[in-house]
Amino acid sequence: MFKKILIANRGEIALRVIRACRELGVQTVAVYSEADRESLHVRFADDDVCIGPAPARDSYLKIPRIIAAAEIAGADAIHPGYGFLAENAEFAETCAASNIAFIGPTAEQIRVMGDKASARNAMAAVGVPIIPGTPGPVEDAEEALEFAREIGFPVIIKAAAGGGGKGMRVAAEPEDFTRSFQLARSEALSAFGSGDVYVEKYLERPRHIEFQILGDRYGNVIHLGERDCSVQRRHQKLIEEAPSVAVTPELREAMGEASVRGAQAIDYVGAGTIEMLLNADGNFYFMEMNTRIQVEHPVTEVLTGVDLVKEQIRVASGEELSVTEMPALRGHVIECRVNAEDPARNFQPSPGKIDVFHPPGGPGVRLDTHVYTGYTVPPYYDSLLAKVICQGRDRPEALRRMQVALESFIIEGVTTTIPFLARVMADPHFQAGDVDTRFLEREVYLLKEPA
Ligand code: ADP
């Protein structure tokens with residue numbers, strides 16, 4: 001086992017990793033930007049190193065500074081969390097070259113899955129269904145339009161290097177195509193430094209269903225079931241749950257088997273997620289693989305009792321997976337992401353000082369957060385304040401617990417999405433489990449505060 005792990009991240013996920021390390025008896029090193037000096041992850045770690053000014057590109061994204069911090073503090077491994085450098089192959093390589101274990105898959109595995117086009121090809125090669133689309137990036141708008149006509153409209157143009165819903169444009173008909181194509185390309189170039197895009201069929205009312213994967217160095221690959229992340233705004237997840245009301249045991253077996261086959265095809269090591277779209281007709285298609293821990297990983301942890309972060313650390317240190325098959329599911333779990341955003345202003349971030357913070361609690365309630373009374377939410381990073389995870393014996397109980405948890409969750413000083421989440425919980429479509437990725441586009445009333 002490792003002696004000391006540096007956590008190359010901030011916020012709630014840094015705390016989550018520190019907790020796992022403490023349980024395993026491993027020392028921790030926090031890194032922080034000048035804006036995060038007062039953060040809890042700095043306080044809870046055994047050691048801490050300031051790695052630069054507030055902007056992420058000058059701190060959390062600066063590979064040499066993070067490696068130097070690990071060397072100074074004597075860390076023998078780095079956990080990247082999610083976001084920042086978590087899916088950066090160069091970072092994984094630099095860790096290896098510096099004799100520091102990267103807690104995640106190999107640089108090669110990150111590279112194959114990091115490019116959506118090469119990931120599609122890798123999956124298709126082992127018979128995992130993919131959405132009809134161009135076999136690789138397309139440069140020429142004319143050629144791309146030709147292809148779009150072949151697969152049929154609507155289509156979606158996606159950045160090959162995409163993530164976080166950026167660099168994605170839907171074209172409903174041929175007339176929209178060229179404009180959407182150019183927009184996606186320029187957005188891709190500015191967000192990811194590569195203008196590579198490809199075109200695929202746009203599914204009209206799919207669910208986003210993803211499978212949690214775990215693999216070790218001894219060829220063991222398992223899945224821990226699905227998470228339904230269909231409640232999204234602008235392709236960004238807001239609410240996740242498991243099991244999905246749309247996934248029957250047979251479908252779970254088929255989708256789980258395809259996910260494991262896909263991960264095995266690249267000898268996947270560590271925790272990863274196979275994201276798929278599920279159509280109302282029961283057909284499913286691979287969308288992408290995330291080669292890291294996900295924001296919504298607690299849903300699976302609560303449902304299965306498996307500590308995914310500890311598994312990641314164990315596997316990276318050369319141990320075998322401690323679970324060999326999917327455990328019995330423990331009821332139903334729902335997660336809500338509470339963000340410092342103002343739904344009335346188009347979900348604009350609302351950073352600032354938290355004057356009152358009173359967390360929810362009680363049976364079946366887990367809260368992952370880095371926030372406390374007096375904490376100032378800096379404007380430089382994502383706006384996630386807390387994840388509320390509620391479990392019940394069945395979906396109605398989990399849902400009711402979430403409603404009670406949201407009612408008793410008090411945050412004052414910044415505007416949050418709590419009232420919005422409460423409206424979704426009370427929505428008859430959501431309560432009936434009748435959602436797809438465009439649910440919030442239709443139920444626009446949910447986005448607004450009632451007059
Ligand atoms: P990112 O890497 O930016 O998160 P993804 O490829 O994971 O992008 O897609 C994010 C979301 O975009 C999906 O959950 C889904 O809502 C939507 N989406 C992506 N591809 C399609 C498609 N072919 N048809 C319909 N919706 C899609």
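In strand β9, Arg207, Ile209, Phe211, Ile213 and Gly215 point one way and His208, Glu210, Gln212 and Leu214 point the other way, yet all are buried (under 20% relative accessible area, with exposed meaning over 50% and partly exposed in between, for a 1.4 Å probe and protein chains only). The model is predicted: local features need pLDDT of at least 70, side-chain atom pairs count only at pLDDT 80 or more, and totals for chains, interfaces and linings use all residues. Residues are numbered from 1 along each chain as its sequence is written, and side-chain values use heavy atoms, with hydrogens and water left out. Helices (H or I, at least four residues) and strands (E, at least two) are DSSP runs, numbered from the N terminus.

**Domains**

- The domain assignment divides the chain into domain 1 (4-103), domain 2 (132-201) and domain 3 (207-447); such bounds come from an automatic or database domain assignment.
- The centres of domain 2 and domain 3, taken over C-alpha atoms, are separated by 28 Å.

**Strand β9 and its partners**

- Strand β9 covers residues 207-215, and nine of its nine residues are buried.
- β9 runs antiparallel to strand β12 (residues 270-278), to which nine bridges join it; two strands pair if DSSP finds at least two bridges between them.
- Within this pairing, Ile213 stands opposite Gly272 of β12.
- Strand β10 (residues 221-233) also pairs with β9 in the antiparallel sense, over six bridges, and here Ile209 stands opposite Asp228.
- Five residues lie between the strands in the hairpin of β9 and β10, where Gly219 takes a positive phi near 85°.

**Helix α9**

- Helix α9 (residues 249-265) has 17 residues and reaches 24 Å from its first C-alpha to its last, close to the 24 Å expected (1.5 Å times one less than its number of residues).
- The buried residues of α9 include Leu251, Met255, Val260 and Ala263.
- The elements against which the buried residues of α9 pack are α6 (116-125), β9, β10, β12 and β13 (284-290).
- Just after α9, Asp267 takes a positive phi of about 50°.

**The parallel sheet**

- Five strands form an open sheet in the order β3-β2-β1-β4-β5, with parallel pairing.
- Its edge strands, β3 (47-52) and β5 (101-102), each pair on one side only.
- Strand β4 (residues 77-79) is joined to β5 by two bridges, and Ala77 has Ala101 as its bridge partner.
- Helix α1 (residues 11-24) packs on the sheet and touches β1 (4-7), β2 (27-33) and β4; its direction makes about 170° with that of β1. Axes are lines fitted to C-alpha atoms, for helices over the stretch in contact, and angles run from 0 to 180 degrees between N-to-C directions.

**Nonpolar cores**

- The largest nonpolar core has 39 residues, of which Ile239, Val338, Ile354, Leu385, Ile411, Met425 and Phe430 touch the most other members. A nonpolar core is a set of buried Ala, Val, Leu, Ile, Met, Phe, Trp, Tyr and Cys residues joined through side-chain atoms within 4.5 Å.
- Apart from this core lies another, of 31 residues, among them Ala14, Cys21, Ala271 and Ile293.

**Leu303**

- Leu303 lies in helix α10 (residues 297-304) and counts as buried because its relative accessibility is 4%.
- Beyond its neighbours within four places in sequence, Leu303 is in contact (heavy atoms within 4.5 Å) with residues including Ala242, Pro243, Leu329 and Val333.
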